[in-house]
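Here is a friendly note to read alongside the model. Keep the view open and look up each element as you meet it.

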Amino acid sequence: MTEPILQVEDAVCAFGGLRAVDNCSFEVEAGTITGLIGPNGAGKSTMFNLITDMVPLQSGRIFFDGRRLDGIPPHSVARRGVARTFQIPGELGRMTVLENLALVPEGQLGEAMFTSLFAPGIVRRQEERIRDQAREVLGLLQLTHLEEELAANLSTGQKKLLEIGRALMASPKLVLLDEPAAGVNPTLMRNIAQTIKGLRDERGITWVIVEHDVPLIMEMSDRVIVMAEGKVIANGTPEEVRSDRRVLDAYLGGVAA
Amino acid sequence: MVEFEGIILHIGSFLVIAGIYAIINVGLNVHYGHTGLFNIGIAAFFALGAYTASILVMPPPNPDLYQRYEWGGNLAFTLGSERIGFDLWFPLVLIAAAAVCAAVAYLVGSVTIRLRGDYLAITTLGLGETIRLVFTNEGWLADGTRGLNGIPRVMDGLVDPHWYDFVFLPLVLIVLVIVYFVSQRLAASPWGRVILAIRENEDTVEMVGKNAFQFKLQAFAYGAALMGIGGALYAFAKHSITPAAFEPFFATFIIWAMLILGGSGNHRGAILGAFVLWAVISSSQFLPGFLGDPNLRLAVIGLLIVVVLLVRPAGLIPETRTRT
Ligand SMILES: Nc1ncnc2c1ncn2[C@@H]1O[C@H](COP(=O)(O)OP(=O)(O)OP(=O)(O)O)[C@@H](O)[C@H]1O
Ligand SMILES: [Mg+2]
């Protein structure tokens, strides 16, 4: 196994008496797609919140690219190359779809007040490149026709796509997708799954995907991690996980019942 | 004829004060309309700008006349008009007022701006009251409750003092136009995009690698600087200031009413709101009988806002996002 890009060691996060994440450990190899599944309330979204430091880790450690990731502000996590989407979309409602994406890229000179006021030419040229990049991403997500629409007016599925678009705009090393398929047209989702695999292979982007569509996850993932009640109960290839007794009991069994 | 002259004079003073409120209101729109910062301590920066400007240009006080009051900068006399034919001190004083307000906002903001919504509101309200009480109680600074009188005026002596508003008005309007264009350019820039995004969803902004705290601090300081410029102009327009002028009603709440009326989220609405509401307030004194009662103004303002918001919920000029 090559160097893991993400390591979670004994992560704990409790809300009052509820241990939402209870001593979880796992590793994610660079350039792979990892599915993270488990029943409602298993602690999957909380795990993403811990990795991105949106919720503080109470004990344990998280490493990304060999460096500690816990205990730094979320924007620093993002700058290290981690992008994420939110289960409940975090769209910027009173801004256009294109603006939502153009916000993302790092190193925008126009983000300095001084440059925006006194060097508008440089800012404009950079802005044109950023918009071209945003339009490319919109094309990929089949949202081109909504470029000038306010994000608040999108359907839930379209907002989910915009979440993915925002992650793609960041040129990340690791992307955490929280239920990207919910509300998205299944055909389009299969296309997006192909795009995700393409980005893994061509750009070496690492993906961790939380998704309730188990067949989709099994089909696209290199490895699958299963959580239940805050704990990691299985971790292996899709085949291994599919036949794991505990998984069938805790998760798939629960769904079938 | 006398009556006609009275109306002209009234219009002059109306436009000067409305223009000043418009400048301050652009600052509030940067804070609330764009960044989503709930600042109800506008009075803090309004007063700080006015006092900074006045203290800089007032001559040092005569020790025989004052027991405690000791300050005064005399900048207006040192850099007076006779040297170059224009009152050079005037733009310098505006810049100084802006700088003091930006610095205070930056310091206060660095400990309070992380607070969300109503908590920030309460700290700003406290700041407004604190600044006013400092100028009330520290007599050596600006003569306490008696305030500063005979503040030197820019381009004084050009016309009969009676008509001074018409000398000052073009200056106020020039400053308003500059403030408008600078703020517009910032709002349309990538900086403005981050600011707006913070208003919409701060978590999203953080998750795309922007330090929301730093941007909020910059917006807070910039908006405060505009309020300070408005305060400085106010001191020159009124020729005298006292701490009572910066009580929350006229120095904070009226400005909020102007923003809501005009349309929060766009500078044009903020400016229009200032002119419309000040027109209503300043002309209500001409209403016949009990309608002219100053105490009734509050009710008139309230009624006006209710009516406008019923007809146009987003204000007179709603926020539009045509460009990206
Ligand atoms: N901020 C919070 N405060 C209190 N409890 C929380 C908080 N966030 C999550 N929880 C609780 O922690 C547990 C795990 O929640 P989490 O959202 O991580 O589950 P999940 O696996 O993502 O579930 P789902 O599939 O429904 O999205 C739940 O019981 C949830 O109610
Ligand atoms: Mg979840």
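The points below go through the sheets, the helices, the ligand shell and the chain contact.

1. Ground rules. This is a predicted model, in which local features need pLDDT of at least 70 and side-chain atom pairs count only at pLDDT 80 or more, while totals for chains, interfaces and linings use all residues. Residues are numbered from 1 along each chain as its sequence is written, and chains are lettered from A and ligands numbered from 1 in the order in which they are written.

2. The 4-stranded sheet. Start in chain A with an open, antiparallel sheet of 4 strands in the order S2-S1-S4-S5. Strands here are DSSP runs of E with at least two residues, helices are runs of H or I with at least four, and both are numbered from the N terminus. Two strands count as paired if DSSP finds at least two bridges between them. S2 and S5 (67–68) of chain A are the edge strands, each pairing on one side only.

3. Inside that sheet. S1 (residues 4–15) of chain A pairs with S2(A) in the antiparallel sense over 9 bridges, and Cys13(A) stands opposite Val21(A) in S2(A). The hairpin of S1(A) and S2(A) has 2 residues between the strands, and in it Gly16(A) takes a positive phi near 60 degrees. With S4 (residues 59–64) of chain A, S1(A) pairs in the antiparallel sense over 5 bridges; there Val12(A) has Ser59(A) as its bridge partner. H1(A) packs on this sheet, touching S1, S2 and S4 of chain A, and its direction makes about 65 degrees with that of S2(A). Such angles run from 0 to 180 degrees between N-to-C directions, with axes fitted to C-alpha atoms, for helices over the stretch in contact.

4. The 6-stranded sheet. Chain A also has an open sheet of 6 strands, ordered S6-S7-S8-S3-S9-S10, with mixed pairing. Its edge strands are S6 (82–84) and S10 (231–236) of chain A, and the twist averages 15 degrees from one strand to the next. S6(A) and S7 (residues 174–178) of chain A pair in the parallel sense over 3 bridges, with Arg84(A) opposite Leu176(A) in S7(A). H1(A) lies across S3, S6, S7, S8 and S9 of chain A, running at about 150 degrees to S7(A).

5. Around the ligand. Which helix gives the largest share of the shell around ligand 1? H1(A) does, with 3 residues. The shell includes Lys44(A), Ser45(A) and Thr46(A), along with Phe15(A) and Gln87(A); a residue belongs if its C-beta atom, placed from the backbone, lies within 6 Å. By class, the shell has 4 nonpolar, 7 polar and 1 charged residues (Ala, Val, Leu, Ile, Met, Phe, Trp, Tyr, Cys and Pro are nonpolar, Asp, Glu, Lys and Arg charged, and the others, Gly among them, polar).

6. Where the chains meet. In total, 31 residues of chain A are in contact with 23 residues of chain B, contact meaning C-beta atoms, placed from the backbone, within 7 Å. H2(A) gives the largest share of chain A's side, 4 residues. That side has 15 nonpolar, 8 polar and 8 charged residues.

7. A helix pair in chain B. H2 (residues 42–57) and H5 (residues 89–112) of chain B pack at an angle of about 140 degrees, with their axes 9 Å apart. The contact is made by residues including Phe45(B) of H2(B) and Trp89(B) of H5(B). By class, this contact has 13 nonpolar, 2 polar and no charged residues.

Key: Two residues are in contact if their C-beta atoms, placed from the backbone, lie within 7 Å.
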